[in-house]
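Here are my notes on the model you sent. Please read them beside the coordinates.

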Amino acid sequence: MRRKLHIRTYGCQMNVYDSDRMASLLAHHGYERTDRPEEADLIILNTCHIREKAAEKVYSELGRLQRLRERRRREEGREMLLAVAGCVAQAEGELVLERAPYVDIVVGPQAYHRLPELLASRERARGGVVDTDFPPESKFDELPKDVVAGGPSAFLTIQEGCDKFCTFCVVPYTRGAETSRPAADVLDEARRLIDSGAREIVLLGQNVNAWHGEGPDGREWNLARLIRALAELPGLERIRYTTSHPNDMDEELIRAHGEVELLMPWLHLPVQSGSDRVLAAMNRRYTADDYRRIVDRLREARPDIALSSDFIVGFPGESEEDHEATLRLVEEIGFAQAYSFKYSPRPGTPGSVMPRQVPEEVKDRRLSELQALLEEQQRRFNAATVGRVLPVLFERPGRHPGQLVGRTPYMQAVHVSDPEIRLGDLALVEIVAYHPHSLAGRTVAPHREWERAS
Ligand code: SAH
Ligand code: SF4
Ligand code: F3S
């Protein structure tokens with residue numbers, strides 16, 4: 001009998017990738033994925049530990065699912081298994097079972113290839129089972145290779161873990177040490193994604209630009225070299241990568257932005273703060289001027305590159321002056337898009353025990369000042385694309401009948417209604433209007449005709 005699997009994903013794109021890999025692994029063991037928790041035989045919460053709010057959400061969700069499970073048991077006599085995967089599982093391990101004793105399986109992000117065995121041992125055990133090992137084998141070697149793209153844009157994890165130990169961050173503890181997948185593996189997975197319909201590949205890693213590995217030519221490759229090899233794969237139209245650390249933006253990668261046509265003129269490069277004092281306390285190991293110089297070099301290589309970033313306000317010891325330095329940096333650089341967060345003290349990180357924690361109301365005010373500025377920049381960036389003709393890759397159906405949503409090279413979502421356009425098409429679109437978070441357009445040349453014409 002086919003059983004049903006429901007996965008709920010929190011956190012970053014790497015969790016989205018992991019959820020897909022768990023689903024394809026379990027498909028080999030009789031599980032079919034469903035959007036509806038009420039019909040599932042197994043529910044996996046793939047969790048995020050980055051901020052307190054994200055982590056706490058897991059427990060309220062678990063409580064809700066436990067009530068659903070009890071109702072189903074009562075009314076239909078059917079069982080359901082509950083699993084917690086991802087970064088909360090890794091960080092809290094046995095503690096998950098203490099807080100939610102009804103959980104069946106707790107599995108960390110580097111051990112989920114063992115899910116089939118965990119399911120089997122759960123049947124034998126009386127309580128929940130926990131696997132938060134950082135196993136010697138790589139999950140990528142153990143997982144089934146039959147990866148398929150879920151749509152025209154596909155994620156591909158090439159690097160995991162982090163050795164940088166920023167003082168606010170849990171990732172080095174939840175994902176473990178920095179590792180890179182071999183180039184041959186990555187190229188192989190990329191070919192499968194393209195064969196199953198991917199037109200864009202987004203390379204993923206906690207520090208994706210730290211990726212390095214032996215290439216098929218026996219030489220040590222860096223991310224720039226890998227991107228050049230991917231750009232040769234027939235059928236691929238776009239390449240992106242995320243998330244990058246400023247210190248790993250090497251010269252070759254910057255040059256690739258100017259030279260590799262498939263590499264999109266868009267970069268998510270978290271800066272976190274514009275104050276050198278705060279950056280040092282965060283252990284980011286660059287200054288605001290270092291960041292400015294990297295951006296200058298990127299813009300020299302690729303003048304139309306658009307930047308996105310992450311910010312934390314209210315890190316311990318952050319003064320009004322530090323906050324203003326961040327606002328100044330934002331004004332100088334001009335971001336097309338950004339994420340900003342209030343500092344959340346995380347257990348086990350150095351930041352959480354630093355003196356001079358910033359009061360909540362100060363964080364609130366600083367966050368709204370920063371967000372007002374970033375939103376205005378995003379609005380201006382979107383407004384400036386009105387009237388331009390941009391290549392758009394259509395990635396998903398829109399909300400209205402006949403409407404599709406695609407993305408410009410700059411990650412902007414564009415809504416287009418055109419019966420000629422299909423998912424996966426790359427078309428030239430004139431941008432006719434902008435909204436705070438998306439654009440509207442009309443096609444000027446359908447799939448690839450513009451390229452043949454030029
Ligand atoms: N590896 C990436 C970031 C990964 S975490 C980098 O080095 O930039 C994603 C974002 O979450 C971070 O960029 C940071 O802005 C935010 N973040 C991480 N820990 C946080 C914390 N304790 N409180 C608030 N925001 C945090
Ligand atoms: Fe976290 Fe810093 Fe590593 Fe990014 S570089 S994952 S912020 S420790
Ligand atoms: Fe969250 Fe883990 Fe990603 S903590 S942001 S899911 S690496």
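This is a predicted model: local features need pLDDT of at least 70, side-chain atom pairs count only at pLDDT 80 or more; totals for chains, interfaces and linings use all residues.

1. Residues are numbered from 1 along each chain as its sequence is written, chains are lettered from A and ligands numbered from 1 in the order in which they are written, and side-chain values use heavy atoms, without hydrogens and water.

2. Around ligand 3 (a heavy atom within 4 Å) are C12, N15, T47, C48, H49, I50, C87, R175 and Q206. This shell has 4 nonpolar, 4 polar and 1 charged residues, where Ala, Val, Leu, Ile, Met, Phe, Trp, Tyr, Cys and Pro count as nonpolar, Asp, Glu, Lys and Arg as charged, and the others, Gly among them, as polar.

3. Helices α13 (320-333) and α14 (360-384) pack at about 5 degrees, with axes 10 Å apart. They are therefore roughly parallel (an angle under 35 degrees). In contact (heavy atoms within 4.5 Å) are E320, H323, T326, L327, V330 and E331 of α13 with R365, R366, E369, L370, L373, L374 and Q377 of α14. By class, 5 are nonpolar, 3 polar and 5 charged.

4. Helix α9 (223-230) has 6 of its 8 residues buried, so α9 is largely enclosed by the rest of the structure; buried means under 20% relative accessible area (1.4 Å probe, protein chains only). The buried residues pack against α8, β10, β12, β13 and α10.

5. Y112 lies in the loop between β5 and α5 and counts as buried at 1% relative accessibility. Beyond neighbours within four places in sequence, Y112 contacts D18, R21, M22, L25, V107, K139 and L143.

Technical notes. Axes are lines fitted to C-alpha atoms, for helices over the stretch in contact, and angles run from 0 to 180 degrees between N-to-C directions. Helices (H or I, at least four residues) and strands (E, at least two) are DSSP runs, numbered from the N terminus. Angles under 35 degrees count as roughly parallel, over 145 as roughly antiparallel, 65 to 115 as roughly perpendicular and the rest as oblique. Buried means under 20% relative accessible area, exposed over 50%, partly exposed in between (1.4 Å probe, protein chains only).
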